[in-house]
Structures are given as C-alpha cells and as structure tokens.
Amino acid sequence: MPLLEIENLHASIGDKPILKGITLTINPTEIHAIMGPNGSGKSTLSYVLAGREGYEVTDGDIRLDGVSILDMEADERARAGLFLAFQYPVELPGVGGMSFLRGSVNARRIANGEDEIDHIAFVKTVREAAANLGIKDDMLKRAVNVGFSGGEKKRYEILQMALLEPRMAILDETDSGLDVDALRIVSEGVNSLKKDDMGVLVITHYQRLLDYIIPDHVHILADGRIVKSGDKSLALEVEKSGYGDFTNAA
Ligand SMILES: Nc1ncnc2c1ncn2[C@@H]1O[C@H](COP(=O)(O)OP(=O)(O)O)[C@@H](O)[C@H]1O
Ligand SMILES: [Mg+2]
C-alpha cells in the first residue's frame, strides 16, 4: 500500500490559490525530492501536509497509510507518523530539550498503544543519537532551539526524527543554513534512519543536498504544480540549466 498519497491537492492562503493540483504517491522505502524556484509553493506544500493553520485545502486529498489526514490537527498527524522538519524551526523558550523530546516520543508511543518510555533508558538513547549527529550534551540541556545556530537547529530536528521513528518524514530545505560538514552529518542521519520502510520527501531549492540524500524520484514544482518528474538525473539537469525551462512550462 502507498505510504503517502497526495491527490489533486489544491490549497490557498486566504483567497490566494498557491497549490494548483499536486498529485504524488510515495511508497514505503522511497525517497522523493521536490525542487523548484523560490515562490513555487514548496514550503506551502510542507505546511499543508503538516496541517498548519492558515492554509485551506480547497480540493483533493492527502492520505497517510490509506487514511485521509485532512481532518486531523497537526499534532494528530504527527502522532500518526508524519514528521516535518521546517525551513525555519520554532524556538521554545523555557522548554528543556530532554523533556521536549521525551514528551513527543511518549505522545507517539501512547498513540500507538505503547507504554511511556523508561526515563533512564530514554536519556541513554538520546545521548547516543545526539552523539551520532554531533550534538553536544549541553545543547540538550538548553531550551529548544533558543539561540541555536541554523546548523544546530537542523541537527536537533534530525535528532527528533531519529527518536520519533516516523512513517513519513518531510524535510523542507534542510540544506539552508548548513555548512558542508553539517550537511553531511544531517544527510548521514537521514540515510542511517531510513533503514525501515519509512518514506522521505525532501524539499529543496538546490541540488547540493541531493548529492548526500540520493532520491529515487525528483519532481519539479513551478507555480503550484508538478511540471516534470524523473529520476535523480533531473536534479542534475536543473543544476546545469536552472529552472527557466520549467517555469516557462508552468
Ligand atoms: N502567508 C502568506 N500570505 C500570502 N502569500 C503567501 C504566504 N506565504 C507564502 N505566500 C505566497 O505563496 C507562494 C509560494 O510560497 P512558498 O510556498 O513559500 O514558496 P517556496 O517555498 O517554493 O519558495 C509565493 O507566491 C508566496 O508569496
Ligand atoms: Mg520555502
């Protein structure tokens, strides 16, 4: 069964149509990339998938494991196994990293009918996962994302992803604000997590990230529509000739 099905998705911000009929199916284990020029609707798509307020779906459907998620609130979607790493992660002053991570993992476990995680075991798991991503212990003690650099925020998001073990991960422009070393660590994090039947949707303006996270399918978004799909060579084509041809098509 497909993991994530986006069917004829139309969405507006206020009364401005932004997404104009996106159809995309992601199967378990697949990595898809969406590329496109600035303003083409990439971030809007990620917010609509996440269920952020202020975005209205005017037509079409989004299904996770065959079930429509349109009527689910953002936190319900997260508990159903959808994970989103945003272009601009939010700061949570006063919320300690460890308790934030434990809260989100427990919410997911309870939704799955599992017991809450053992505290000591969790601390150990977090330390190990953090070390693998080059995240220092003192960062885990600080308030979530407050005063983190762009690269640190991105590593921290991948840490959340590692602990939540989502069904479907959506990463919006995870390469922005990352130097090459951080890019490599984040990509390795994604690649090493992608062991099971998880699906990944990487949304990016640049080809660079796709040197590290190799997509099975690449889609070009222009003016709220997918104007071309192909394999990873499509990303290289864009790198060489830019988005001009595709925006003309849209
Ligand atoms: N809050 C908003 N209000 C009105 N228009 C918006 C808002 N956010 C985005 N847009 C518009 O939606 C379009 C798509 O934006 P976005 O999804 O951020 O594109 P991308 O991530 O591909 O650069 C752009 O024309 C942008 O100006
Ligand atoms: Mg964007």
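Helices are DSSP runs of at least four residues, numbered from the N terminus. In this predicted model, helix H1 (42-50) is one of the elements that supply at least two residues of the shell around ligand 1. Strand S2 (16-26) is another. H1 gives the most, with three residues. The shell includes Lys 16 and Ile 18, and also Lys 42, Ser 43 and Thr 44. Gly 36, Asn 38, Gly 39, Ser 40 and Gly 41 are among the other residues around the ligand. By class, seven shell residues are polar, two are nonpolar and two are charged.

The largest nonpolar core holds 64 residues. Phe 83, Leu 159, Met 168, Ala 169, Ile 170, Val 202 and Ile 220 touch the most other members. Helix H6 (residues 150-164) contributes the largest share of this core, seven residues. Beyond its sequence neighbours up to four places away, Ile 220 touches Met 35, Gly 36, Ile 226, Val 227, Lys 228, Leu 234, Val 238 and Phe 246. Gly 36 also belongs to the residues around ligand 1.

Helix H3 (residues 97-111) has 15 residues. At 1.5 Å a residue, H3 should span 21 Å, and its end C-alpha atoms are 21 Å apart, which agrees. Its buried residues are Gly 97, Leu 101, Val 105 and Arg 108. They cover an arc of only 60° around the axis, so they lie on the same side of H3. An α-helix has 3.6 residues a turn, so residues three or four places apart point the same way. The face turned away from the buried side of H3 carries the exposed residues Ser 99, Gly 103 and Ile 110. Just after H3, Gly 113 takes a positive phi of about 75°.

Methods. Residues numbered from 1 in each chain as written. Chains lettered and ligands numbered in written order. Predicted model: local features only at pLDDT ≥ 70, side-chain atom pairs only at ≥ 80, totals over all residues. Core = buried A, V, L, I, M, F, W, Y, C linked by C-beta atoms within 7 Å. Buried ≥ 20, exposed ≤ 12 C-beta atoms within 10 Å, placed from the backbone. Contact = placed C-beta atoms within 7 Å. Expected span 1.5 Å × (residues − 1). Arc of directions from axis to C-beta. Near = placed C-beta within 6 Å. Nonpolar A, V, L, I, M, F, W, Y, C, P; charged D, E, K, R; others polar.
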